[in-house]
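Reader: I am new to this structure. Please take me through one part of it at close range.

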Amino acid sequence: MLVDCVDLDALEREARRVMRPESWVFCDTGADDEITAKENIAAWRALKLRPRVLRDIVEIDTSVTLLGAKVDTPIMVAPTGRHHLFHAEGERATARGSASAGALYVMSTSGATLVEDVAKERGSAPQWFQLYMQPDREATGALLDRCVKAGFKALVLTVDQPVPGWSPRAYRTPVIPSPDIRSVNMVGQPISQTAYDVDRKGVVMFPTNFSDLEWLVKRCAMPVVVKGVLRGDDARRCVDCGVKGIMVSNHGGRHLDTTVTTAEVVAEVVAAVGVNAEVYVDGGIRRGTDIVKALALGARAVLVGRPPLWGLSVSGADGAAAVLTHLRDEMVRAMQLCGAANLAALTPDLVKA
């Protein structure tokens, strides 16, 4: 099926139509009243652009260097789990589609595809791996070594989910554990990452502290990025532990509701880390103008989570690629209309709150 990305809202509706109910809920749901999930989107749209005029914008360069690797676009695929819920090829299709669109892919620990098999789909395209810290450091270290051997270039540690969030929608329409969505790379990880269908007692699943982070930075042969930071002071402390990148994220509103939006705090985090780490941001990115605003506020790149899954569910690898290409095309047009010929020209003065 061809994917029409002229209107991502229409693609979202089509994805909902083709997905099984439990797959849609897993993809779409937010925590509690789902306020943060909605406000993430609204916050980017509320920011206003102050375009420059009479600039040379015939040639537009969207390339960027991310932890030393040059990529064609500052749009990354955020780590999301259980891609076999959306397409029979799962993470393999997502990896292939993002590579064809020139986008860096961050694979989730919660994938049901071996890291080695995902790496084969990427060719020479850079790829990162997202980790939930496990109590068994020996098993964690073994997985890190496999990722390095497979060609992954960075490790992304998610730190904002020590306990699962709670979603009434997911509780009513749970994902039923099955072999095709098991976590094949980290033995012992719960099959239900969110555990919405297990309990609501706040059982600690992924305990992580700064001592764990220090160990991970020393143990890992790849640069480490921390995902899930919403405060400047936490970002600075992560950098002090040796991390090379910070992902400003509230987990798409999936675990703690009524948090600040990422659009509200990305500039604070950028200012806090200065030149000592790269900063990326996710949460509610739906338009090329959103991407321009995020980069103008100091982010080096953005991540999108749900939209590629919509494309994946409708048309596999081609669908995921179509979404990423559409967002890049929108970004280019927004850059031209703002008088910015390259990413360096996206400066804070282009944005007004």
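Reader: Leaving aside its neighbours within four places in sequence, which residues is Ala277 in contact with?

Author: One caution comes before the answer. This is a predicted model.

Leaving aside neighbours within four places in sequence, Ala277 is in contact with Val239, Val243, Lys244 and Gly245. Ala277 lies in the loop between α10 and β10. Its relative accessible area is 10%. Buried means under 20%, so Ala277 counts as buried.

Now take the helix before that loop. Helix α10 spans residues 262-273. It has twelve residues. From first C-alpha to last it reaches 16 Å, close to the 16 Å expected at 1.5 Å a residue.

The buried residues of α10 are Thr262, Ala263, Val265, Val266, Val269, Ala272 and Val273. They cover an arc of only 160° around the axis, which puts them on the same side of α10. An α-helix has 3.6 residues a turn, so residues three or four places apart point the same way.

What do the buried residues of α10 pack against? The partners are α3 (35-46), α9 (232-240), β9 (245-248) and β10 (278-281).

The face of α10 turned away from the buried side carries Glu264 and Ala271, which are exposed. Look at Glu264, a residue of helix α10. Its relative accessibility is 56%. The cut-off for exposed is over 50%, so Glu264 counts as exposed. Glu264 and Ala353 are 89 residues apart along the chain. Their C-alpha atoms are separated by 9.2 Å.

Next, the end of the helix. Gly274 follows α10. Its phi is positive, near 60°.

The loop ahead of the helix also deserves a look. It runs between β9 and α10, and His251 is in it. Thr258 is found in the loop between β9 and α10 as well. His251 is not a glycine, yet its phi is positive, about 60°. Thr258 is not a glycine either, and its positive phi is about 65°. Are these residues buried or exposed? His251 is buried, with a relative accessible area of 10%. Thr258 is exposed, with a relative accessible area of 55%.

Return to Ala277 for a distance. Ala277 and Pro179 are 98 residues apart in sequence. From C-alpha to C-alpha they are 39 Å apart in space. Pro179 sits in the loop between α7 and α8 (210-219). Pro179 is exposed, with a relative accessible area of 60%. Another pair involves Pro179. Asp7 and Pro179 are 172 residues apart in sequence and 35 Å apart in space, C-alpha to C-alpha.

Now move along the chain to a pair of helices. Helix α11 covers residues 288-296, and helix α12 covers residues 306-337. Their axes come within 7 Å and cross at roughly 65°. The crossing is right-handed. On the α11 side, the residues that meet α12 are Gly288, Thr289, Ile291, Val292 and Leu295. On the α12 side, they are Leu327, Glu330, Met331, Ala334 and Met335. By class, the contact has seven nonpolar, two polar and one charged residues.

Gly102 follows α4 with a positive phi, near 75°.

Back to the starting point, in short. Ala277 is a buried residue. It is in the loop between α10 and β10. Its contacts include Val239 and Gly245. Glu264 and Ala271 are exposed on the face turned away.

Key: Residues are numbered from 1 along each chain as its sequence is written. This is a predicted model: local features need pLDDT of at least 70, side-chain atom pairs count only at pLDDT 80 or more; totals for chains, interfaces and linings use all residues. Side-chain values use heavy atoms; hydrogens and water are left out. Helices (H or I, at least four residues) and strands (E, at least two) are DSSP runs, numbered from the N terminus. The expected span of a helix is 1.5 Å times one less than its number of residues. Buried means under 20% relative accessible area, exposed over 50%, partly exposed in between (1.4 Å probe, protein chains only). The arc is that of the directions from the helix axis to the C-beta atoms. Contact means heavy atoms within 4.5 Å. Axes are lines fitted to C-alpha atoms, for helices over the stretch in contact, and angles run from 0 to 180 degrees between N-to-C directions. A crossing is left-handed if the near helix is turned anticlockwise from the far one by less than a right angle, and right-handed if clockwise. Ala, Val, Leu, Ile, Met, Phe, Trp, Tyr, Cys and Pro count as nonpolar, Asp, Glu, Lys and Arg as charged, and the others, Gly among them, as polar.
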